[in-house]
Amino acid sequence: AFFPTAPPSPSPNTTDNMKRPALVSLLSLSFLAGGVSASDVDHDGKAVTCGSAVKLTHVESGGKYYLNSESAKMGSGSGQQIVSLIPKKGKTSSLWVLREADDVEICPPGTPIRCGQKIRLSHPDTEKNLHSHLVRSPLSRQQEVSGFGEAMEGDTGDDWVVVCKSSSDKFLERAKAFHLQHVDTKRYLAASSEYKFTQSNCGGGCPIMNHLEAHCRSKADHFTEFKIELGVHLSK
């Protein structure tokens, strides 16, 4: 069975955990002050941009599950922070800030993300990055996906390439399916409605009950298709 471990209780003198839920708002305000505007969430055909805080929906599971992370750690594999997919679109824990890849020139907020561009996805609630490595995932036995790093800084295992479905597309666009290919291992971010955390495989007190497992697989297919629709989209 897979038993996630809860994070330690914060010290009464620690203020970091109080600041994290407001991080997306603070980022957005700083971008607005720099002449970048936050647009509404449902503008199909518009490019997804650097600095935006977005939600990734999974296509194969009917667009009802969102890439998510929590402060709990995995009870197997690497023991790093859990990344899964949840059937709730209203939680801030499913927001990810789109940034430049590790050791790459800063991508200015509001700049359209190109097809083929290397990016990082940073999790504001916990300040970890979307990460993968050569460790088996607990349910599918594919490649593990986790949250990694400190203060949104990690390593090349946090880097992903945006793979647009159409060869004619130049930029990543809202509401269009795309893939994320992991730079280090060449595998693709994936999920499947077949691999869900339940009481039988996760335990009675499972904090990710009914979540789908996030993992990486070797080829791009319908299990690796995601869309970006909801979020705080920045534009110049």
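**View 1. The disulfide of Cys 202 and Cys 206.** The link of Cys 202 and Cys 206 is right-handed, with 70° about the S-S bond. In this predicted model, the sulfur atoms of Cys 202 and Cys 206 lie 2.0 Å apart in the disulfide that joins these two residues. Cys 202 counts as buried because its relative accessibility is 1%, and Cys 206, with a relative accessible area of 10%, is buried as well.

**View 2. The disulfide of Cys 50 and Cys 107.** Here a disulfide joins Cys 50 to Cys 107, with an S to S distance of 1.9 Å. The pair links distant parts of the chain, 57 residues apart, since Cys 50 sits in the loop between strand 1 (37-39) and strand 2 (53-58), while Cys 107 sits in the loop between strand 5 (96-100) and strand 6 (118-123). The link of Cys 50 and Cys 107 is right-handed, with 85° about the S-S bond. Cys 50 is buried at a relative accessible area of 1%, and Cys 107 counts as buried at 12% relative accessibility.

**View 3. The disulfide of Cys 115 and Cys 164.** The sulfur atoms of Cys 115 and Cys 164 are 2.0 Å apart and form a disulfide. This pair also links distant parts of the chain, 49 residues apart, with Cys 115 in the loop between strand 5 and strand 6 and Cys 164 in strand 9 (residues 160-164). The link of Cys 115 and Cys 164 is left-handed, with -90° about the S-S bond. Cys 115 counts as partly exposed at 22% relative accessibility, whereas Cys 164 is buried, with a relative accessible area of 16%. A search of the whole structure finds three disulfides, and with bonded cysteines counted along the chain, their pattern is 1-2, 3-4, 5-6.

**View 4. The surroundings of His 211.** His 211 is found in the loop between helix 3 (199-202) and strand 12 (212-213), and it is buried, with a relative accessible area of 8%. Leaving aside residues up to four places away in sequence, His 211 touches Asn 68, Glu 70, Ser 84, Leu 85, Ile 86, Tyr 195, Lys 196 and Phe 197.

**View 5. The largest cavity.** The structure holds three cavities of 30 Å³ or more, and about 60 Å³ of space lies in the largest cavity. Eleven residues line the largest cavity, and those closest to its centre are Met 74, Val 83, Pro 138, Phe 197 and Glu 213. Strand 4 (81-86) and strand 8 (143-148) are the elements that give two or more residues to this lining. By class, the lining of the largest cavity comprises eight nonpolar, one polar and two charged residues.

Key
Residues are numbered from 1 along each chain as its sequence is written. This is a predicted model: local features need pLDDT of at least 70, side-chain atom pairs count only at pLDDT 80 or more; totals for chains, interfaces and linings use all residues. Side-chain values use heavy atoms; hydrogens and water are left out. On a 1 Å grid over the protein atoms alone, a cavity is a set of points where a 1.4 Å probe fits but cannot get out, and a pocket is an open set with protein on both sides within 12 Å along at least five of seven lines; lining residues have an atom within 4 Å of a point. Grid points are joined across faces, edges and corners, and a volume is the space filled by probe spheres set on the points. Helices (H or I, at least four residues) and strands (E, at least two) are DSSP runs, numbered from the N terminus. Ala, Val, Leu, Ile, Met, Phe, Trp, Tyr, Cys and Pro count as nonpolar, Asp, Glu, Lys and Arg as charged, and the others, Gly among them, as polar. Buried means under 20% relative accessible area, exposed over 50%, partly exposed in between (1.4 Å probe, protein chains only). Contact means heavy atoms within 4.5 Å. A disulfide is a pair of cysteine sulfur atoms within 2.5 Å.
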